[in-house]
Amino acid sequence: MKFPIYLDYSATTPVDPRVAEKMIPYLTEQFGNPASRSHAFGWRTEEAVEDARAQVGALVNCEGKDIIWTSGATESINLALKGAAEFYKTKGKHLITVKTEHKATLDTCRELERRGFEVTYLEVQPDGLLDLNQLESAFRPDTILVSVMFVNNEIGVIQDIAAIGEMCRKRGVLFHVDAAQATGKCPIDLQALKVDLMSFSAHKTYGPKGVGALYIRRKPRVRLEAQIHGGGHERGFRSGTLATHQIVGMGEAFRLAKAEMTAESERIGALRDRLFAGVQRIEEVFVNGSLERRVPHNLNVSFNFVEGESLIMAVKDIAVSSGSACTSASLEPSYVLRALGRSDELAHSSIRFTLGRFTTAEEVDYTIRHLETKVEKLRQMSPLWEMHKDGIDLNTVQWAAH
Amino acid sequence: MAYSEKVIDHYENPRNVGSFDKSDASIGTGMVGAPACGDVMKLQIKVNEQGIIEDARFKTYGCGSAIASSSLVTEWVKGKTLADAETIRNTQIAEELSLPPVKIHCSILAEDAIKAAVADYKKRHGLDAPAVQEKKAAQG
């Protein structure tokens, strides 16, 4: 076993060696600009770019033509939201999103609010899922766009994209889906889903960092105001010389995802269940978010009476992330866990384990043993654990906030 | 974030973890912080008849810096009079542990914990109670 054990696949994934191998020739030999129409260097890389486009499309059941390249999901989301809002602003100025979205969506919405748009941020239920009745009542006559993530990055829950799509299409409202955490983890069928815009990232699915894509529906046609100008690449939606090696990498990564998703999800799901069974042997452990509607590689749990950052420091043999943002100056617990209605203590005590392609059973077993020891050690040190063991209800304590 | 070696040492080998019986007359207990803020410190001092702190214990819920700060002050208060213990400043704690700016609040909490423990002891012995007492969290 190599240490630390990587269990943070939702932060990023390693590039699959098969992907890296495909990328390398496009750095050295096949270096042509895909936009060069006058010679073979350009023709060859253009072909590679188009093959990759088809590979990305194939994973989500759309045509290559529907896909445009970006620098990553953050850029895709910015283009989708700002581009649609600016183009359709004469139709309306209202957007709807969810409080548990990624910051790429939330911060873009904040920016749109500064530009005069109005945004409704929907609450989620305690299991992290959107209440569709709430969405129903949030629509206004001037609503132009709804943005909901497919899979939540912190708790891994899968929203009902099909149902939300139906609701939007019925009203002629555009629907954008952030699918950065969904590719290769749950099936996506853009022929069946009523989705108009979908954002993708390569590096969450064993591709390279620095490349992403945006699906833009052609029938019915979706229009966007470009955000980056300079040459009119990518059907005018996004100018800039294409990064062939990155794009080839994303294509290969998505091709592998399509080929291996079923078997891989089953294997990773079994490992996650093994991890969960082990973690449940520890007292006062709570799962954050729905276990049923969840991608197989995610486990987010709170270890009550233990603070997240110190737990992460203690479990230094494993690389995981905490729901507590104590490392930043804000000292705020995860806004996603707060949105589930989790108490501050539980939100502060959470750890996200995300398993992936290279996780082994041996690593999972080590992780369980490591956690048992370290949680026990920290609880022996925790005044809250002592009070809990003495039968004191911590909610009745008058704390001095600082 | 990178911790200093001293923080890691205190975190991995915390000094004086544990609890004294808080009803014992020689014990002063201070509990500061709040779970909602991500840290709670309980500091207990054992004071002898000469008014010297002869032992200390702590339990802390919080990040590595919070644990290290409380571990450190249990060492520092030992052998001090109550008055001397009250002169320990958060800046000294932060300097000793090389705490980064975002972790300064941990040292402030440790200073408050000492003051709260001393105040508790004084109150229980009918000695003068300083104003910091209100910072102490009520227990149970």
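## A β-α-β unit in chain A

Which elements of chain A make a right-handed β-α-β unit? They are β5(A), helix α7 (residues 161–171) and β6(A). Keep in mind as you look around that this is a predicted model.

The two strands of that unit also pair with each other: β5 (residues 143–149) and β6(A) run in the parallel sense, with five bridges between them. One spot to look for is Met149(A), whose bridge partner in β6(A) is Asp178(A).

## Strand β6 of chain A

β6(A) has another partner too, namely strand β7 (residues 197–201) of chain A. Here the pairing is again parallel, over three bridges. To find this pairing on screen, go to Val177(A), which sits opposite Met198(A) in β7(A).

So how much of β6(A) is buried? Five of the five residues in this strand (174–178) are buried, so the rest of the structure largely encloses it. Side chains in a regular strand alternate between the two faces of the sheet. In β6(A), Leu174(A), His176(A) and Asp178(A) point one way, while Phe175(A) and Val177(A) point the other way. Whichever way they point, all of these are buried.

## Helix α4 of chain A

Now for a helix that is also largely enclosed by the rest of the structure: α4(A), because 13 of its 15 residues are buried. At 1.5 Å a residue, the 15 residues of α4(A) (73–87) should span 21 Å, and the end C-alpha atoms are 20 Å apart, which agrees.

## The sheet of chain B

Over in chain B, three strands form an open sheet in the order β1-β2-β3, with antiparallel pairing.

Val47(B) is a handy place to start, as it stands opposite Ile53(B) in β3(B).

## Helices across that sheet

Two helices of chain B lie across strands of the sheet. Helix α2 (residues 64–77) lies across β2 and β3 of chain B, and runs at about 175 degrees to β3(B). Helix α5 (residues 104–124) lies across β1 and β2 of chain B, at about 145 degrees to β1(B).

How values were computed:
Residues are numbered from 1 along each chain as its sequence is written. Chains are lettered from A and ligands numbered from 1 in the order in which they are written. This is a predicted model: local features need pLDDT of at least 70, side-chain atom pairs count only at pLDDT 80 or more; totals for chains, interfaces and linings use all residues. Two strands pair if DSSP finds at least two bridges between them. Helices (H or I, at least four residues) and strands (E, at least two) are DSSP runs, numbered from the N terminus. Two residues are in contact if their C-beta atoms, placed from the backbone, lie within 7 Å. Axes are lines fitted to C-alpha atoms, for helices over the stretch in contact, and angles run from 0 to 180 degrees between N-to-C directions. The expected span of a helix is 1.5 Å times one less than its number of residues. A residue is buried if 20 or more other C-beta atoms lie within 10 Å of its own, exposed if 12 or fewer, and partly exposed in between; C-beta atoms are placed from the backbone. A crossover is right-handed if, with the strands pointing away from the viewer, the path from the first strand over the helix to the second runs clockwise.
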